[in-house]
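Me: Hi! I've got this one open and would like to go through it with you. Where shall we start?

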Amino acid sequence: RHGILREHLGAVFDGLCRLYADVDASVKDGAQCLDRLVRDIVTEYRDFKYSEFIPMLTTRIRVLNPSVLQLVLGWIVLLDSVPQVDMIVYLPQYL
């Protein structure tokens, strides 16, 4: 499951962003459930390439939709809590 997610994480995260931007509350609820599952998988996967995921966040942080922005900020907070990720190194990309 880890290899499949890493291989398709761009498409999964893009889909999450689209679902978070949806106006339907039930769609957003489903997106939040999927987001929690993806977060669990990513944080459990020891060999996850965080440096490959950061550019996806960098691109999405400039989106004007507040729900997508909340999703991205949640991921930044999560990655900041992961000991093997030094988010300070990536800070200039977010500013």
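Reply: Let's start with Asp-14, which counts as partly exposed at 25% relative accessibility. Here buried is under 20% relative accessible area, exposed is over 50%, and partly exposed lies in between (1.4 Å probe, protein chains only). Keep in mind that this is a predicted model, where local features need pLDDT of at least 70, side-chain atom pairs count only at pLDDT 80 or more, and totals for chains, interfaces and linings use all residues. Residues are numbered from 1 along each chain as its sequence is written, and side-chain values use heavy atoms, with hydrogens and water left out.

Me: Good to know. Which residue forms a salt bridge with Asp-14 at 3.0 Å?

Reply: That's Arg-18, with 3.0 Å from N to O. A salt bridge puts a side-chain nitrogen of Lys or Arg within 4 Å of a carboxyl oxygen of Asp or Glu. Asp-14 and Arg-18 both sit in helix 1 (residues 2-20), four residues apart, about one turn of the helix. Helices are DSSP runs of H or I with at least four residues, numbered from the N terminus.

Me: And Arg-18, is it buried or exposed?

Reply: Arg-18 is exposed, because its relative accessible area is 61%.

Me: What about Arg-60, how does it meet Asp-14?

Reply: The side chains of Arg-60 and Asp-14 form a salt bridge too, at 2.7 Å from N to O. This pair ties together distant parts of the chain, with Arg-60 in helix 3 and Asp-14 in helix 1, 46 residues apart. Arg-60 counts as buried, since its relative accessibility is 15%.

Me: How many salt bridges does the structure hold?

Reply: There are three. As for the salt bridges that share partners, they join Asp-14, Arg-18 and Arg-60 into one network.

Me: Let me stay with Asp-35. Which residues does it touch?

Reply: Leaving out residues up to four places away in sequence, Asp-35 touches Leu-16, Tyr-20, Leu-71 and Trp-75. A contact means heavy atoms within 4.5 Å. Asp-35 counts as buried because its relative accessibility is 3%.

Me: New topic: at what angle do helix 3 and helix 4 pack?

Reply: Helix 3 (residues 50-60) and helix 4 (residues 66-81) pack at about 150°, with axes 10 Å apart. That makes the two roughly antiparallel, a label for angles over 145 degrees.

Me: Which residues of helix 3 and helix 4 meet?

Reply: Helix 3 brings Tyr-50, Phe-53, Ile-54, Leu-57 and Arg-60, and they meet Val-68, Val-72, Trp-75, Ile-76 and Leu-79 of helix 4. By class, the contact has nine nonpolar, no polar and one charged residues.

Me: And how does helix 3 pack with helix 5?

Reply: Helix 3 packs against helix 5 (residues 87-94) at about 30°, again with axes 10 Å apart, so these two run roughly parallel. From helix 3 come Ser-51, Ile-54, Leu-57 and Thr-58, while helix 5 supplies Met-87, Tyr-90, Gln-93 and Tyr-94. That contact has five nonpolar, three polar and no charged residues.

How values were computed. Axes are lines fitted to C-alpha atoms, for helices over the stretch in contact, and angles run from 0 to 180 degrees between N-to-C directions. Angles under 35 degrees count as roughly parallel, over 145 as roughly antiparallel, 65 to 115 as roughly perpendicular and the rest as oblique. Ala, Val, Leu, Ile, Met, Phe, Trp, Tyr, Cys and Pro count as nonpolar, Asp, Glu, Lys and Arg as charged, and the others, Gly among them, as polar.
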